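Hi everyone, thanks for making time.

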Amino acid sequence: MSRCLFIPEIQLSIFQWIFVLDASHERHAAQATLAALARTCSAFHHIALDILWQQFGTIARAIQCMPHDLWGGDAIKSESGCICLKLHRHLTKDDWNIFRRYALRIRHLSLATQDVRRGKKLMVDIDDELLACLASMDATQPLLPNLTSLEWIIYDERDLRLIRRIMTKSLTSLFLEVWAISPVPDLLQFISSIAPTCPSLRKLTVHSVALSSHLRHSVSQTLCHLHHLTTIHCGILNAEVLNHLSRLPSLLELKLALQPNAEFQNELLFEQLQVLDVHAQDIPSAVDLVSRMRNKLTNLSIFSDDHTGASVLAQLFRRLSTSVSHYSLRRLQIMVAERPPHDSFSVLKLEDLHPLLSFNRLTHVHLDIGCGISLDDVAALELAQAWPNIMQLVLNKFLETPLPSSMSPIGLMCFLKHCPNLLELTLEIDFSFIEEQDDQSHYWVGDTTHQRLSIFDVTYSKIHDAAKVAAFLSGILPRTVHVHYSWIHALDDQREYAERWNEASRLFMRMKR
């Protein structure tokens, strides 16, 4: 063997390519190759094991490297197909040394660990007693000293004791879910200890089924003491914490719920922020937040629980146009959960959407906004020309409006002609123009077809002649797999259109064969 292959740095470079070049989802070939290198050549043993365990190592696999009579894992006896690892005898020092040999190499830990046996994905359930026994062996150092990524669920005090033994200064990513229904003693103290215990933390996610005001305060204080964060997913944050986070030069991604009635005193910089996901109680709160930002977002998502009129949404669009760089934004999603009452239904028009047309590099637009969007063929042409790179366009997928659609198949053709990258299109169309034609050659279409659109959703479009509509669509959408619709068969007032679209979709598939 060449002498250069004994050099650890060269081994590391070569063995990492084994992992990179395996494009399969589970990377079985890479695992098998690295394991074979570790077993068959003493010169390769340590480097191959390091890479194998850094990429695929889990605490469950480290336990399974210890003698079988200790943990007694048996997938056959589990009705759910779950591998159960339970403590069957006293843990000895020799057992611990075996575990430690592999634990030093583990970089990622999740409570929901997946293993692959006999072609099936099996969940691994580690008994609390076994974990507690491991955690008690050497209290002078963390259980997994070189861990960088941790996903943990807190049900009760036992989970809290264990995670304290796992937390380490090398941790850069922490995902916490608090599923405790009753109060957990010392939970607030633990949350407050995250910053001093993991000063290098870059990604922090905290979810809770019932985020109390005290827990929110602890999370907020922790955020204020972490200075290298790049990604934050958490619950409600107040104006004070947002003001601090806006000055973090490292922050790239922020997902939060906005505190109701939050009052901002200063401009929020967020100079490096790329992804912002905001859950606001109402759209005006989101408008206030966005209006104070000056950044280069690539992804922006706004969710609101309360119905808002078209005028407020138009104001939000105007604020976006002045606060977010027109050249950076790629994805825009605005969703309103509450449906409007019939007596206060409002409609957005093209002039209300004009501020969004300045974002000419958008690739994904999803607007489910609780009010109508009135677009005719001229508006469709203007949108298509303004967003030539659009890949996904979804307009009111789940809202049935009392007003008929003003966009005809001519508007649809505008999108197909000017948006060559379009993969998904969702909008309501008036197909009466097609249904009224006796000549089904559609000469006006010419040779226009779209070679990439795979998902076409007509939402609440109304049709009367399924065969004519299906024939038209099959001629212009050769790559589309299915035609989707929002009409519901089970509702009496929607069944008629649901049945027509079901027939049109069936004919559409038959005509494409």
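Let's begin with strand E6, residues 173-178, and strand E7, residues 203-208: they run parallel and are joined by six bridges. Two strands count as paired here if DSSP finds at least two bridges between them. The helices (H or I, at least four residues) and strands (E, at least two) are DSSP runs, numbered from the N terminus. Across this pair, Val178 sits opposite Ser208 in E7. To get from E6 to E7, the chain passes through helix H9, residues 187-197, in a right-handed β-α-β crossover. Right-handed means that, with the strands pointing away from the viewer, the path from the first strand over the helix to the second runs clockwise.

A quick word on the source: this is a predicted model, where local features need pLDDT of at least 70 and side-chain atom pairs count only at pLDDT 80 or more, while totals for chains, interfaces and linings use all residues. Residues are numbered from 1 along each chain as its sequence is written, and side-chain values use heavy atoms, with hydrogens and water left out.

Back to E7, which also runs parallel to strand E8, residues 231-237, with three bridges joining them. There, Leu204 faces Ile232 in E8.

Five bridges pair E9 in the parallel sense with strand E10, residues 275-280. Which residue in E10 is the bridge partner of Leu256? That's Val278.

E10 pairs with strand E11, residues 299-304, too, in the parallel sense and over six bridges. Here Ala280 is opposite Ser304 in E11. Together with helix H12, residues 283-291, E10 and E11 form a right-handed β-α-β unit.
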